[in-house]
Amino acid sequence: MLAGKNILLIIGGGIAAYKVLELIRLLGKDGAQVVPVMTRAAKEFVTPLSVSALAGAPVRSDLFDLEEEAEMGHIQLTRAADLVVVAPATADIMAKMANGLANDMASTLLLASNKPVLLAPAMNVAMWENAANKRNVAILEQDGKLFVGPENGEMACGEFGTGRMAEPEAIRAAIQAALVDGPMKGKRVLITSGPTHEPIDPVRYIANRSSGLQGSEIARAFVRLGAEVVFITGPASATRPVGAQVIEVETARDMAAAVKVAGEVDTAIFAAAVADWRVSRASDDKLKKAAGKALPELDLVENPDILATVSQLEAGRPKLVVGFAAETENLVKNAIAKRLRKGCDWIVANDVGGERAVMGGQDNQVVLITEDGAEPWPWMSKREVAQKLALRVSEALV
Ligand code: CTP
């Protein structure tokens, strides 16, 4: 499956390094050529002899070793690779990467690389959750680095929590996903996301609590599956998906226009929480209060319904149109009616009125409404909802 692929494997100094021996064995079985690099600390955990014997290639570790450099320079190593994998990716390696440091072989290769990089973090739970590490992870995600794990469970140090390195099988699957064409390759996906802001005057606006996280995660999931993604977002707080074409808009009317300009797509997912109404004539000047002056009256008019417009297109309608339904009561009944009223194929319904905050939160519990009925999904992270939805869409499009 990975025949002919060249994987530059950087082994960091952590107890999980022993699991990398199994990973090298699996990749070898898949036909990949593994070029191993070890940090000085990694050699304290596994021997270079075991690594090079399994990889069938010498271990590189010293930037200043003339013999190693004469054979193949470190820049060439990164150019020859199809993918760079860092396992275990320690807090130290990630901190160096996030800040662009290059003071040993591993960090220099990572800075010099122009290839995709997959990180398999491994560290103690308190280190994983440390604010500095979280900042570094956010920067690396923003830079487009791929992640597999860490997982939740018991650690070598005896503590319990998130920080355990993903199992070799999971890292192998992530490597395959990064190197082999995904099921959405050649497909174009449009996603709307976030809230819209409807101006009242130059300083005030009507908005809602959407963070845009669910939409961003859906975009990331489709990018991972190999799709070409057009991501149209209102002023959301969530970080924008790397690898997608990002179009920033403010109002519902801007969003409708951007959707029109985006042109034909295979599927469109309308995750945005679009404001239903806008102020008919926003004031050019700030509305002032003054003694004896009447309260301002906001005359509301309805915004264009983007989902309904696209669902009912006569020409160029996407093969699959997916809407969202934010409800606070009669979730399934209202969502079924909404699907029919708007004319979309599927509705992802979520209860935004419950005790657990969905809007602005990390998790979601949805019901997928299709022509076959209502399918409740359990509570999961918005990332998992996105992944499951993207896979379902890719299956429906074949
Ligand atoms: N939507 C849209 N354009 C609008 C309003 C909503 O594209 N002007 C889309 C949303 O992106 C979502 C779906 O329609 O996919 C349903 O949004 P929701 O707010 O749940 O429904 P509404 O149409 O606003 O209906 P109601 O307020 O009556 O529940």
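In this tour, two residues are in contact, or touch, when heavy atoms of theirs lie within 4.5 Å. The model is predicted: local features need pLDDT of at least 70 and side-chain atom pairs count only at pLDDT 80 or more, while totals for chains, interfaces and linings use all residues. Residues are numbered from 1 along each chain as its sequence is written, and side-chain values use heavy atoms, with hydrogens and water left out.

**Stop 1: the two domains**

Start by colouring residues 6–179 as domain 1 and 188–396 as domain 2; these bounds come from an automatic or database domain assignment. Between the C-alpha centres of the two domains there are 38 Å.

**Stop 2**

Now select residues 117–121, which form strand E4. Strands (E, at least two residues) are DSSP runs, numbered from the N terminus. Five of the five residues in E4 are buried, where buried means under 20% relative accessible area, exposed over 50%, and partly exposed in between (1.4 Å probe, protein chains only).

Two strands count as paired if DSSP finds at least two bridges between them. Strand E5 (residues 146–147) also pairs with E4 in the parallel sense, over two bridges. Which residues go with Leu 119? Val 86 stands opposite Leu 119, and in E5 its bridge partner is Phe 147.

**Stop 3**

Move to the loop between strand E8 (188–193) and strand E9 (198–199), and pick Thr 196. Is Thr 196 buried or exposed? Thr 196 counts as buried because its relative accessible area is 0%. Show the side chain of Glu 198 as well: it makes a polar contact of 2.9 Å with the side chain of Thr 196. A polar contact is a pair of N or O atoms within 3.5 Å; within protein, one must be able to donate a hydrogen and the other to accept it, and residues adjacent in sequence count only if both atoms are side-chain atoms. A polar atom of the Thr 196 side chain also lies 3.0 Å from the backbone nitrogen of Ala 275. Beyond four places in sequence, the contacts of Thr 196 include Asn 208, Met 255 and Val 274.

His 197 sits in the loop between E8 and E9. This residue is classed as buried because its relative accessibility is 13%. Leaving aside neighbours within four places in sequence, His 197 is in contact with Tyr 205, Ile 206, Ala 207, Pro 235, Glu 250 and Thr 251.

**Stop 4: the ligand**

Select the ligand and the 14 residues around it; Phe 270, Ala 272, Asp 276, Lys 338 and Lys 342 come nearest. A residue is near a molecule if one of its heavy atoms lies within 4 Å of it. A polar backbone atom of Phe 270 is 2.6 Å from an oxygen atom of the ligand. A backbone N or O atom of Leu 307 is 2.8 Å from an oxygen atom of the ligand. The protein covers 80% of the 570 Å² of accessible area that the ligand has on its own.

**Stop 5: Gln 362**

Finish in the loop between strand E17 (346–351) and strand E18 (363–364), where you will find Gln 362. Gln 362 counts as exposed because its relative accessible area is 58%. Not counting residues up to four places away in sequence, Gln 362 touches Leu 213, Ser 381 and Lys 382.

Terms used: Helix = DSSP H or I, 4+ residues; strand = E, 2+ residues; numbered from the N terminus. Areas by Shrake-Rupley, 256 points an atom, 1.4 Å probe, with all protein chains shown as cover.
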